[in-house]
Amino acid sequence: MTVHCQPTVSPEGCPALVLNADFRPLSYYPLSLWSWQDAIKAVFLDRVNIVSHYDRTVRSPSFEMRLPSVVSLKTYIKPSRHPAFTRFNVFLRDRFSCQYCGAREELTFDHVVPRSKGGTTTWENVVAACSGCNLQKGDRLTSEAHMWPARHPYQPTVADLHQNGRLFPPNYLHDSWMDYLYWDSELEP
């Protein structure tokens, strides 16, 4: 077990990276993190193993503990093969950019074939779109509006979303997490 020193930080600044029992993150974006309270609770309930600690401790009148920086679940959670169809996952699939103009602000989603023309709200018919392009396309087919998505919409796999999630690392990455995240690292043969 390694201990990683860190300047004096409040416990709120010490989230724990949560790994599955196979030592892979439960998700990449948003990164699977628990608050220090949830991590300690899971330790006491014997649901996790502590892989690494912060140098920060928390105390009560009868107890002292270094905060976990990385924990692994004791029971393996089988990842879902097909991600849920949510607005967030559509944005992640489309890399948080409008599929018509590439903008990253004011994202919403657009039905490529409008619902009024028989389009369905499915992975294969919905794309991320900025509000300007969505308004411009309106209730028209792509051929009528002369607007085509950069990529044809598709149902992503969990691996697709994990790969896209790696493109958007969180603002905070503790050194003790790096061995488990593999952010753009090359492995030696």
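User: Helices (H or I, at least four residues) and strands (E, at least two) are DSSP runs, numbered from the N terminus; which element gives the largest share of the lining of the largest pocket?
Analyst: Helix 5 does, with five residues. A pocket is an open set of points on a 1 Å grid over the protein atoms alone, where a 1.4 Å probe fits, with protein on both sides within 12 Å along at least five of seven lines; lining residues have an atom within 4 Å of a point. This is a predicted model, in which local features need pLDDT of at least 70 and side-chain atom pairs pLDDT 80 or more, while totals for chains, interfaces and linings use all residues. Residues are numbered from 1 along each chain as its sequence is written, and side-chain values use heavy atoms, without hydrogens and water.

User: Which residues are closest to the pocket's centre?
Analyst: Among the 23 lining residues, these are P25, L26, P79, V158 and H162. Helix 2 (87-93) and helix 5 (158-166) are the elements that each give two or more residues to the lining.

User: New topic: how many aromatic pairs are there?
Analyst: There are four, counting rings of Phe, Tyr and Trp (its six-membered ring) with centres within 6.5 Å; planes under 30 degrees apart are stacked, over 60 edge-to-face, the rest tilted. F85 and W123 form an edge-to-face pair, 5.1 Å centre to centre with 75° between the planes. The two residues are 38 residues apart in the chain.

User: Is W123 buried or exposed?
Analyst: W123 is buried, at 5% relative accessible area, whereas F85 is partly exposed, at 35%. Buried means under 20%, exposed over 50%, and partly exposed in between (1.4 Å probe, protein chains only).
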